[in-house]
Amino acid sequence: GGCLTPSSPTSTSAPSSFKPGMKLEARDRLYPHLIAVATISEVNAREKKMLIHFDGWSDGYTYWCEPTSLDIHPVGWGARCRHTLQPPRGVPQSQFNWFSYLSVMQAQAAPQHLFTEDQNRVPGPSTPSGSTHSTPSRPSPSTQNSAMDTK
């Protein structure tokens with residue numbers, strides 16, 4: 001469809017359908033290596049921004065970002081990246097589970113389709129998008145050649 005078509009109720013012309021209360025995984029901007037459990041606490045549709053609050057953390061870590069920001073990711077992104085997710089303060093890492101957490105909090109994960117392809121992408125070596133196995137970054141020279149190098 002073109003840009004001039006009238007928007008219907010099912011139109012996706014809105015910048016996003018993120019809603020306050022939805023849970024996601026977000027980068028801590030003070031400690032960018034940390035990805036933590038977070039909640040959208042406010043959505044400003046006019047400015048196309050939303051307020052990200054880290055569950056169990058003080059408001060000092062809260063920040064505004066755009067819905068397309070690469071600081072936010074869908075629930076489960078950290079696990080797919082093998083990135084350690086910071087659970088809400090007071091919850092041991094070994095005991096955190098998104099499924100049970102959402103159930104206990106009676107909360108909704110931000111639907112994956114609201115996130116851009118880049119927000120969903122698992123970072124890593126540039127492999128073709130069809131491959132699912134990540135290759136080790138340092139292949140050890142002794143594994144493949146040793147059996148054949150009998151001179």
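A disulfide is a pair of cysteine sulfur atoms within 2.5 Å. In general, a disulfide is a covalent bond between the sulfur atoms of two cysteines. The structure described here holds zero disulfides.

This is a predicted model, in which local features need pLDDT of at least 70 and side-chain atom pairs count only at pLDDT 80 or more, while totals for chains, interfaces and linings use all residues. Residues are numbered from 1 along each chain as its sequence is written, and side-chain values use heavy atoms, with hydrogens and water left out.

**Confidence**

The predictor's confidence in each residue is given as pLDDT, from 0 to 100. The chain has a mean pLDDT of 80, with 72% of its residues reaching 70 or more. Residues 1-15 have pLDDT below 50, and this stretch has two contacts in the model beyond near neighbours in sequence; contact means heavy atoms within 4.5 Å. Over residues 127-151 pLDDT likewise stays under 50, and the model has two contacts for them beyond four places in sequence.

**Secondary structure and strand pairing**

Helices (H or I, at least four residues) and strands (E, at least two) are DSSP runs, numbered from the N terminus. The chain comprises four helices and six strands, arranged along the sequence in the pattern β-β-β-β-β-α-β-α-α-α. Two strands pair if DSSP finds at least two bridges between them.

| Strands | Sense | Bridges | Opposite residues |
|---|---|---|---|
| β1 and β2 | antiparallel | five | Lys23 and Thr39 |
| β2 and β3 | antiparallel | six | Thr39 and His53 |
| β2 and β6 (residues 85-86) | parallel | two | Ile35 and Leu85 |

The hairpin of β2 and β3 has four residues between the strands, and in it Lys48 takes a positive phi near 55°.

**Burial and nonpolar cores**

Buried means under 20% relative accessible area, exposed over 50%, and partly exposed in between (1.4 Å probe, protein chains only). By this criterion, 29% of the 151 residues of the chain count as buried. Cys65 counts as buried because its relative accessibility is 3%, and Cys81 counts as buried because its value is 18%.

A nonpolar core is a set of buried Ala, Val, Leu, Ile, Met, Phe, Trp, Tyr and Cys residues joined through side-chain atoms within 4.5 Å. The largest such core has 18 residues, and those with the most contacts inside it are Phe18, Leu24, Ala26, Ile52 and Ile72. Two or more residues of this core come from each of β1 (23-27), β2 (35-44), β3 (49-54) and β4 (63-65). Apart from it lies another core, of nine residues, among them Val37, Leu85, Phe96 and Tyr101.

**Ile72 and Gln119**

Not counting residues up to four places away in sequence, Ile72 touches Leu24, Glu25, Ala26, Met50, Ile52, Tyr63, Cys65, Glu66, Pro67, Phe115 and Gln119. Gln119 lies in helix α3 (residues 117-120) and counts as buried because its relative accessibility is 0%. Leaving aside neighbours within four places in sequence, Gln119 is in contact with Pro67, Thr68, Ser69, Leu70, Ile72, His73, Pro74, Trp77 and Leu114.

**Contacts over the whole chain**

Among contacts between residues at least 6 apart in sequence, 55% join residues at least 24 apart.
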